[in-house]
Amino acid sequence: MHREMHPVFFLFFYFSSIPVLTWSSRRAPLVQGAEMTGGTMSEEPAVTPSWLTPDPTAWASGGGGPMDNSTGLGTFPPDSLPPNQLPLLVNPWDIVLCSSGTLIACENALVVLVIWQNPALRAPMFLLIGSLALADLLAGLGLVLHFTCAYLLRSDAAQLLTVGLVVASFSASVFSLLAITIDRYLSLYYALTYNSERTAAFTSTMLVLLWGLSLCLGLLPVTGVNCLAEEATCSVVRPLTKNNIAVLSVSFLLLFGLMLQLYVQICKIVMRHAHQIALQHHFLAATPHYVTTRKGVSTLAIILGTFAACWMPFTVYSLIADYTYPPLYTYATLVPATYNSVINPVIYAFRNQEIQKALWLVCCGCVPASVAQRARTPSDV
């Protein structure tokens, strides 16, 4: 009986193994990016929703290579689901950028609203803070719009417009930071004549120049300075060319050097004023002015250090890398750069006494006594 059943078990095992082999042979093309059509391999058109990598699944393998089976995206046969039920591949790094853009937009929209509705906040300093908040607001909206257009419209025109908006907005944000630094230096160096009409005219000129230059930089991809026609000329941020992003990176380094020099001069002026006041009180180390001046210098160091920590990695990486580098490195340096727009309102707006009062009035309808009675100190520089 046992010898008669043995061939039956052998045939059952043989025929039951056929579906397994068939499933495995149909699964392999999905991993390689192609599918079987009538016994031949046919390449599928690449879908490129991400602005940083031609392959939306490149994040899975960490370098734009074939998709790894361990990601779970290749565990089903290619035709086991109808086309309308196939999952849309969304790069998680793009989700992080979209989330950052949403936070940036909401945070800076509050600053813009407060400055716009309060007529008392019309001094040059507040106009520059409003310019910074507006630039960061547009940058956040640009990140959200790019995510939406990239995964819904998937058109080159929408990609160029949204990338142009992001480039112009972040450029205006960096230029506004430089303008704020110049304004702070002038307010200390020309303390007696700072509140004159000349200062207001100079501030207006700076605003026109910085927004005009930022708009020109943002229009470059739309006017044809892009790498859509020739992929080899692309930088780490598609569709910006390598030359275009090199100019942006070098300009940032020059602006950072200028800001560093201005902040050094500001520290010297503040320390000199504090020393003169301390000599009048005959207590150099114990005077409150000396203590608050040290806080002011520490604040300047935090401002400049935060700015460098956010933007410097992406700037240096953009100079040495090209489109062949793994997209993971680009995302890892670009995301911290966007966080600078999250930190800017905290440093430049929410710490300001007048803006704090306006925020309390808008949110609560009253100003706490601790905020209303706080005197301005050098640490607010």
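Tutor: Helices here are DSSP runs of H or I with at least four residues, strands are runs of E with at least two, and both are numbered from the N terminus. This is a predicted model, in which local features need pLDDT of at least 70 and side-chain atom pairs count only at pLDDT 80 or more, while totals for chains, interfaces and linings use all residues. Residues are numbered from 1 along each chain as its sequence is written, and side-chain values use heavy atoms, with hydrogens and water left out.

Let us begin with Ser131, which sits in helix H4 (residues 124-152). Is Ser131 buried or exposed? Its relative accessibility is 6%, and Ser131 therefore counts as buried; the cut-offs are under 20% relative accessible area for buried, over 50% for exposed and partly exposed in between, using a 1.4 Å probe and protein chains only. If we set aside the neighbours within four places in sequence, Ser131 is in contact with Ser176, Leu207, Leu210 and Trp211, where contact means heavy atoms within 4.5 Å.

The expected value is 1.5 Å times one less than the number of residues. For the 29 residues of H4 that gives 42 Å, and the end C-alpha atoms are 42 Å apart, which agrees. Just after H4, Arg154 takes a positive phi of about 55 degrees.

Now let us move on to helix H5, where we find Ser173. At 2% relative accessibility, Ser173 is buried. Leaving aside neighbours within four places, the contacts of Ser173 are Leu132, Ala135, Asp136, Ser341 and Asn344. Ser173 and Ser214 are 41 residues apart in sequence, and their C-alpha atoms are 9.0 Å apart in space.

A pair of aromatic rings is described by the distance of the centres and the angle of the planes. The structure holds 11 aromatic pairs; rings of Phe, Tyr and Trp (its six-membered ring) pair if their centres lie within 6.5 Å, with planes under 30 degrees apart called stacked, over 60 edge-to-face and the rest tilted. One of these pairs joins Phe170 and Trp311, edge-to-face at 5.5 Å centre to centre and 75 degrees between the planes.

Because Phe252 lies in helix H7 (residues 242-281) and Phe307 in H8, the pair ties together parts 55 residues apart in sequence. One aromatic cluster includes Phe170, Phe252, Phe256, Phe307 and Trp311.

Ile320, in H8, is exposed with a relative accessible area of 57%.

As for charges, the structure holds one salt bridge, meaning a side-chain nitrogen of Lys or Arg within 4 Å of a carboxyl oxygen of Asp or Glu. The side chains of Glu231 and Arg238 form it, at 3.5 Å from N to O. Glu231 is partly exposed at 29% relative accessibility, whereas Arg238 is buried at 12%.

Finally, the whole chain. It has 11 helices and two strands, in the order α-β-β-α-α-α-α-α-α-α-α-α-α. Of its 381 residues, 40% are buried. Among contacts between residues at least 6 apart in sequence, 72% join residues at least 24 apart. The chain exposes about 20500 Å², with 69% supplied by carbon and sulfur atoms, as given by the Shrake-Rupley method with a 1.4 Å probe; for residues, only the protein chains shown count as cover.
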